[in-house]
Amino acid sequence: MLNGRRVSLVLGGGGLKGLAHIGVLKVLASRGIVPDEYVGASVGSIVAALAAGGLLPEQIERIALDIRRSDILDYDWKGLILRRGRVRSLYRGIALRSWLRRVLPVDRFDRLVRPAYFTSVDVNTGEEVIWGRPAARDFPLHECVAASCAIPGIYPPMEIGGRHYIDGSLVDTLPVRAATVGRSDLILAVYLDEVEDSPARSIQRLGIGAILEQAQSIVSQTLLRLRLGRFNGAPVAIIRPRVRSHGMFQFDRTEAVIRAGEEAALRAMETEPALREATPITRTTTRIRPAPAERDMKEAGDGLPPIPGSEDLVPEGGAPTS
């Protein structure tokens, strides 16, 4: 609640850039703002599920700081070797699902402390599904979150109830329409994609990963403008962490990404009329250490996971190929 208004927190997708959501949660908590519900797409679903499950922002931050590449990325060696062009994805998705089962405080929607909704898309029909709605809540929570995170080509479609689902941000990168709050309430939405008007470096020179990520950002911003232009629900205040220089699968900048979320939330507290009246619940001022400046722009290959070469391929039970 905020000044008697229900608050829906909508968290968008963006790979590990989505750890900025944690910084936003920390600032909201410091101002006494507790969302009444959570909505997530892709990585936003992970943070939403952790928060709706009752974890404090500091607890979620510890989980994020402990995450390692092997926790969520597991090459589909067998598929890459044997199926080649017919392989469904670069990674099997088993590690991600196992990690979700370990870190989520509950695995049923009816045990969440706050309502939560996650978006996915049926890969065969293109139909969007919102997990957590009455017709889509009788499934394990970790499976629904994994379905929302199934980035095409990165993770395989997630099978739930005989249907196969992929990343919800494919059709709606910031699903404010999934929020259930009324028109007199408030939607806080955290948007991670951005396209620079004058980028410091030419995208086409950074390789396939950077090009694909830029293409996704362009599509994302176009969809966002269309969606918000037609949205007639509760007022929407958008928080925009500056995470353009961070790769979608860059594991060595977690602290910097979280700080970017904090900085964005603090800026929104000063600029968004709906948030200006939210005052710190303690007398101490939130201080944020400046992010390290050793790299202002991600290098080629930071955006998407590397595609293994023959020297990396290890058949199941065998030795590396030479």
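Residues are numbered from 1 along each chain as its sequence is written. In this predicted model, local features need pLDDT of at least 70 and side-chain atom pairs count only at pLDDT 80 or more, while totals for chains, interfaces and linings use all residues, and side-chain values use heavy atoms, with hydrogens and water left out.

**Exercise 1. The chain as a whole**

State how many helices and strands the chain has, and what percentage of its residues is buried.

Step 1. The secondary structure comes to 9 helices and 8 strands. Helices (H or I, at least four residues) and strands (E, at least two) are DSSP runs, numbered from the N terminus.

Step 2. Of the 322 residues in the chain, 52% are buried. Buried stands for under 20% relative accessible area, exposed for over 50%, and partly exposed for values in between (1.4 Å probe, protein chains only).

Step 3. Contact is defined as heavy atoms within 4.5 Å. Among contacts between residues at least 6 apart in sequence, 77% join residues at least 24 apart.

**Exercise 2. The nonpolar cores**

Identify which residues touch the most other members of the largest nonpolar core.

Step 1. A nonpolar core is a set of buried Ala, Val, Leu, Ile, Met, Phe, Trp, Tyr and Cys residues joined through side-chain atoms within 4.5 Å.

Step 2. The largest such core has 78 residues, and the members that touch the most others are Trp99, Phe118 and Trp131.

Step 3. A second, separate core has 15 residues, including Val39, Val181, Ala189 and Leu224.

Step 4. When neighbours within four places in sequence are left aside, Trp99 is in contact with Ile46, Ile63, Ile67, Asp71 and Ile72.

**Exercise 3. The largest cavity**

Describe the volume and the lining of the largest cavity.

Step 1. On a 1 Å grid over the protein atoms alone, a cavity is a set of points where a 1.4 Å probe fits but cannot get out; a pocket is an open set with protein on both sides within 12 Å along at least five of seven lines; and lining residues have an atom within 4 Å of a point. Grid points are joined across faces, edges and corners, and a volume is the space filled by probe spheres set on the points.

Step 2. The whole structure has 3 cavities of 30 Å³ or more. The largest cavity has a volume of about 250 Å³.

Step 3. This cavity is lined by 20 residues, of which Gly15, Leu16, Val43, Ile46 and Ile72 are the closest to its centre. The greatest contribution to the lining, 4 residues, is from H2.

Step 4. Ala, Val, Leu, Ile, Met, Phe, Trp, Tyr, Cys and Pro count as nonpolar, Asp, Glu, Lys and Arg as charged, and the others, Gly among them, as polar. By these classes the lining has 18 nonpolar, 2 polar and no charged residues.

**Exercise 4. The second largest pocket**

Give the volume of the second largest pocket and the classes of its lining residues.

Step 1. The volume of the second largest pocket is about 320 Å³.

Step 2. Its lining has 20 residues, and Asp76, Arg88, Tyr91, Arg92 and Pro156 lie nearest the centre. Helix H5 (77–83), helix H6 (94–103) and strand E5 (158–160) each give two or more residues to this lining. The largest share, 4 residues, comes from H5.

Step 3. By class, 8 lining residues are nonpolar, 3 polar and 9 charged.
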